[in-house]
Amino acid sequence: MRVSKIRYYYPLGLFIALFLDGTLSNIFAGNFFTANLSIESRLFLLWVVMSVFFAKVEHPFFWAIAVGLTFDLFFTGIIGPFFMLVPLILYLTRVMYSFFTPSFIVVLLIYLIDIALFTLLFYWINVLIGFTSVSLASFISGTLGPTLAFNLAVFVILYLPIKGLMEMSSR
Amino acid sequence: MQRFFFNKRLIIVLITLIIGFVLVAFSVTVRNNKSTPPIIQQFGNDAAGLVDRVVSYPISAVGNVGGAVEDLLNTYQENQKLKKQVDSLASEKVSNQTIRKENAALKKQLKLNKSLTNYTAVTSYVIARTPSSWQNQIIISKGSLAGVKKNAAVLSDKGLVGRVTEVNKTNSKVELISTTNDDADRFATTIITDDGSVNGLITSYNADTNRLIMGQIDSQKTMKKGDKVITSGMGGNSPQGIYVGTVMKVEKDDYGLASKVEIKPAADLTNLNIVTVAKRTD
């Protein structure tokens, strides 16, 4: 049996996307984290969600846990939040996928739900452990809104390239 | 009932949740311990740091070119402003040198080899920033191999930016002073006023106005807008005399007893490329 290339491309792209999040956040910190708004770049989540629709990945949950743990260890030092959230989002996306045939709009809406839920749950965990005391109202206007806008813009730009890459390497 | 307990999927979800929350609780608890992170975690972080450097290198290069173009456009106005400052700077530098020499001589006479102002600097560059609104954290490219210590103060070219929270072999995490984290260690600071110095602690940060709040103030001396704030070196982690910012507003706290001082931080926390870790030598 021929081994498809996605076996190598998927983890590679996943971790590049993860580290790009950190680098972009640092370079554009002046635009991403201001007094009124803060944007959380989630490129790796885009990669995970797109792979559900357009790639045949082996052991998707293993990679979801691996990337979540890496984020926790390397970026925050608080182990746990992404370790739980990334597999959860992957699972939800797979459940939603079973009801729809993928098209640009469908994937966009599912990604919107994923990002919103992910950001909300991550906020909630941080409130629990006392890392922030921002109220729900200012969370929605200050973080959730800009994060959704940024990630959807990235989605619109990268939808076709990622789809093409995944479909090509899944053959 | 039978079905509920043998539902495999539910059990997996529950176990994941329990493990996850135990890990969260554990890492929050041991965060400020001297010995964290353990070797395995350090190893993972070092590996991740290595990959991150490879990924971020081309992006940073492009970013730097963008910054260079922007700098070029501002050059003329900047030049005008700087010319005025240069003249006064030269005379200040000379007097500074004289005082430094005198200080060294006096210290020698007193046989005072180490004091709170001494520190060795470890310069490193910033490899990433945590992509999260709730952790104001950056990852820098030097770790315990270069001599970075946990809780050491970190400064940019303009002033204090944060403290080291986690040290790996080849990279470290730095929590910025703009953090609102409840259990972050606070900096002990001094306000230099006209009639002496006033000690206190940085107690919180106001993100809306970009102001540090200094509380726990120990004296009734009058402070005014524009007074300089430096680290006091008390508390054992940061050296004395690192520039924090200037006083913007002084007000009595809710009970009219101590004062609450708003400080404008000197460093720009959203534009960090090179930072210095100040390691105390005593």
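Is B:Lys249 buried, partly exposed or exposed, and at what relative accessibility? In this predicted model, B:Lys249 counts as partly exposed, because its relative accessibility is 43%, a value that falls between the 20% below which a residue is buried and the 50% above which a residue is exposed.

**View 1. B:Lys249 and B:Glu251 meet through their side chains in a salt bridge.** The distance from N to O in this pair is 3.8 Å, which lies within the 4 Å that a salt bridge requires. The partner of B:Lys249 in this salt bridge, B:Glu251, is partly exposed as well, with a relative accessible area of 29%.

**View 2. B:Asp194, B:Lys224 and B:Asp227 are linked in a network of salt bridges.** Within this group, the side chains of B:Lys224 and B:Asp227 meet at 3.4 Å, taken from N to O. B:Lys224 is partly exposed, with a relative accessible area of 42%, whereas B:Asp227 counts as buried at 5% relative accessibility. B:Asp227 is placed in the buried class because its value of 5% is under the limit of 20%.

**View 3. B:Glu166 and B:Lys173 form a salt bridge in which both residues are buried.** The closest N and O atoms of B:Glu166 and B:Lys173 are 3.0 Å apart. Over all chains of the model, the count of salt bridges comes to 8, and the pair of B:Glu166 and B:Lys173 is one of them.

**View 4. Helix H4 of chain A, residues 60-76, is mostly covered.** This helix has 17 residues and reaches 23 Å from its first C-alpha to its last, which is close to the 24 Å expected at 1.5 Å a residue. Of the 17 residues in H4(A), 12 are buried, and among them are A:Pro60, A:Ala64, A:Val67, A:Phe71, A:Phe74 and A:Phe75. The buried residues of H4(A) also include A:Gly68, A:Asp72 and A:Thr76. After the helix comes A:Gly77, a residue whose phi is positive, near 80 degrees.

**View 5. B:Asn113 lies in the loop between helix H3 and strand E1 of chain B.** Helix H3 covers residues 39-109 and strand E1 covers residues 119-129, with B:Asn113 in the loop that runs between these two elements. B:Asn113 is exposed, because its relative accessible area of 69% is over the limit of 50%. The C-alpha atoms of B:Asn113 and B:Ile230, two residues that are 117 residues apart along the chain, are separated by 22 Å.

Terms used:
Residues numbered from 1 in each chain as written. Chains lettered and ligands numbered in written order. Predicted model: local features only at pLDDT ≥ 70, side-chain atom pairs only at ≥ 80, totals over all residues. Heavy atoms only, no water. Helix = DSSP H or I, 4+ residues; strand = E, 2+ residues; numbered from the N terminus. Buried < 20%, exposed > 50% of the residue type's maximum accessible area, 1.4 Å probe, protein only. Expected span 1.5 Å × (residues − 1).
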